[in-house]
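Let's take a walk through this protein together, starting with the overall fold and then stopping at some aromatic and charged side chains. Keep the model open and turn it as you read.

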Amino acid sequence: MGRPADNSSAPSDESLTVRDNRTGKTYTVPIKDNTVSATAFKAIAAPLKPGERVENETSKGLRVSDKGFLNTAVIQSQITYIDGEAGVLRYRGYPIEQLALHSTHLETAYLLIYGALPSDKQLRLFESEVMSHSFVHADAEIFFRSFRYDAHPMAILTSAFAYLGSYYSEANPSLQGQKLFTSGDKFSLENMDRQIFRIIGKATTLAAMAYRVRQGREFVTPPAGLSYTGQFLYQMDHLGQKDYKPSPVLEKALDVLFLLHADHELNASATTVLQTGSSLVDPYSAIAAGCASLYGPLHGKSTALWPLRSLKLTGNDAGGANEAVIRMLISIGSPENVPAYLEAVKRREKVLSGFGHRVYKTSDPRSFIIRKTADEVFKVTGTDELLETAMALHDAAIKDDYFVKRRLAPNVDFCGLIYRAMGFPLDFFPVLFAVPRVVGWLAHWRQMMLQEGGVKIWRPRQVYVGAGKRDYVPIGKRVVVQGPKAAPLPVLHSGMSKRTELAEFTGKTKL
């Protein structure tokens, strides 16, 4: 905690000395692991200045403002390390390049969740539990059929995870007690493991069912004897053929991509899972919240200024943003249209996707692995027609000072091109990121449940800049406040609602 400096002794080398020029006081703030505690600044208080708003709460100590969590650490973690300047990504200390070359998605899932690479016996048990929990209740078919044929698959998947929690009352701390997952005893750990097996195992089944809804097909029972991604492909594509087996090339490619996207530290969706989980809600609800966050088009976007509202999606934690890159390439069309498109971007007429990153300032370390995977997939599927356009965009941008000076390194979206080549529709891309990311979300959730000192609900502060205290005014004496942001805009009605608006009936509101 921050405290007034003791002038009789020199401050520790591992500390920060802060002088408050408002009061002349000096404070010492301890530094641990190159981090200072935000609550330490609450000790730095000052009296209100004449005319200062009481809502500033100056006498209650300083608040730390960090819009968008640009430099705020909310948890101590042992899971994933990223060095964006050097282009480094490690799971539990292991470089992502080594894991992609030697491991599998489920082995890496074990590593992320439990902290160490498993023995042969441990891996076989983990794989067996995950795969045996891939089945869903027969009633789930009714749930999935309740969606319209054109419902976005992420809307279906997000709802499905929340729905799944309704089956397992033993996983709900609201029903079983708030220490259900935080006590760390044998019963708590076994219960937690059971939910982890269920969520990872059923993730592919729920995703495949969402896919089949869109295709108007019957659902497929998870088959025995296939890998995690092989089972996923089977459930999406099997139409009754005898001895059906997915392409081993596509099965392996999907496994590599799942491994690469299993975690990416505290991105928006992982933070959402933890924010939600901090209330000690059941894990299914927390995972559903993570899906909703990943669904958003800003998931994975860079910090570049408009018009470079950019998404670096080669190996990125892209989620809903991944569609934008492919749609951009489709809108550009052929390679000869690239120069005109880049000029339109500079004039702020177009939005550019595929450049810059909130974390990585050099190449994303996963991009090289994804490029190699793309080559293997293209050998059996053929090269995607957008590849030449993507490469032309890449080559033009790296020679353009406009992008070079802003350190906006372009990366061809091979991940999206792989999924296109494999035949997945654009709006299914976020699902293909959500399914593997369930692993990372669960790893962070488990870590928080078991952290030393217990779970504290995440309740950030705000800087209130609204009106001060004011008295209620009767409706006939009010000054009308108008404007596009100050009052609701009229909704244009058509069809049945327009005809109803023109009709006469008892109880109709008179405006």
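Of the 511 residues in the chain, 45% count as buried, where buried means under 20% relative accessible area, exposed means over 50%, and partly exposed lies in between (1.4 Å probe, protein chains only). This is a predicted model, in which local features need pLDDT of at least 70 and side-chain atom pairs count only at pLDDT 80 or more, while totals for chains, interfaces and linings use all residues. Residues are numbered from 1 along each chain as its sequence is written, and side-chain values use heavy atoms, with hydrogens and water left out.

The secondary structure comes to 19 helices and six strands; helices (H or I, at least four residues) and strands (E, at least two) are DSSP runs, numbered from the N terminus. Among contacts (heavy atoms within 4.5 Å) between residues at least 6 apart in sequence, 70% join residues at least 24 apart.

Nine of its ten residues are buried, so α8 is largely enclosed by the rest of the structure. Among those buried residues are Tyr-228, Phe-232, Leu-233 and Met-236. The cover over them includes α2 (105-114), α3 (120-132), α7, α9 (248-260) and α18. Helix α18 turns up again, together with α11 (283-294), in what covers the buried residues of α10. Those residues of α10 (268-277) are Ser-269, Ala-270, Thr-271, Val-273, Leu-274 and Gly-277.

Now to the aromatic rings. A pair of aromatic rings is described by the distance of the centres and the angle of the planes. Here, rings of Phe, Tyr and Trp (its six-membered ring) pair if their centres lie within 6.5 Å; planes under 30 degrees apart count as stacked, over 60 as edge-to-face and the rest as tilted. The structure holds 22 aromatic pairs. One of them joins Phe-144 and Phe-219 edge-to-face, at 6.0 Å centre to centre and 65 degrees between the planes. This pair links distant parts of the chain, 75 residues apart: Phe-144 is in helix α4 (residues 140-145), and Phe-219 is in the loop between α7 (186-215) and α8 (228-237). Both Phe-144 and Phe-219 are buried.

Tyr-211 and Phe-428 also pair edge-to-face, with 5.1 Å between centres and 70 degrees between the planes. Tyr-211 in helix α7 and Phe-428 in the loop between α17 (414-421) and α18 (429-449) are 217 residues apart, and both are buried.

Phe-144 and Phe-219 belong to a cluster linked by ring pairs, together with Phe-143, Phe-147, Tyr-163, Tyr-167, Tyr-168 and Tyr-284. Which charged ends sit over rings of this cluster? That of Arg-145 sits over the ring of Phe-219, 4.2 Å from its centre, and that of Arg-198 sits over the ring of Tyr-168, 3.8 Å from its centre. The criterion is NZ of Lys or CZ of Arg within 6 Å of the ring centre and within 35 degrees of the ring normal.

Arg-198 lies in helix α7 and counts as buried because its relative accessibility is 11%. Its side chain makes a polar contact with the side chain of Gln-195 (3.0 Å). A polar contact is a pair of N or O atoms within 3.5 Å; within protein, one must be able to donate a hydrogen and the other to accept it, and residues adjacent in sequence count only if both atoms are side-chain atoms. Leaving out residues up to four places away in sequence, Arg-198 touches His-133, Tyr-168, Glu-170 and Tyr-284.

Finally, look at the salt bridges, each a side-chain nitrogen of Lys or Arg within 4 Å of a carboxyl oxygen of Asp or Glu. The structure holds 14 of these salt bridges. Asp-20 forms one with Arg-22, with the closest N and O atoms 2.8 Å apart. Asp-20 is buried, at 7% relative accessible area, whereas Arg-22 is partly exposed at 46%.

Another salt bridge joins Glu-343 and Lys-346, with closest N and O atoms 3.2 Å apart. Both lie in helix α13 (residues 338-346), three residues apart, about one turn of the helix. Glu-343 and Lys-346 are also linked with Asp-400 in a network of salt bridges.
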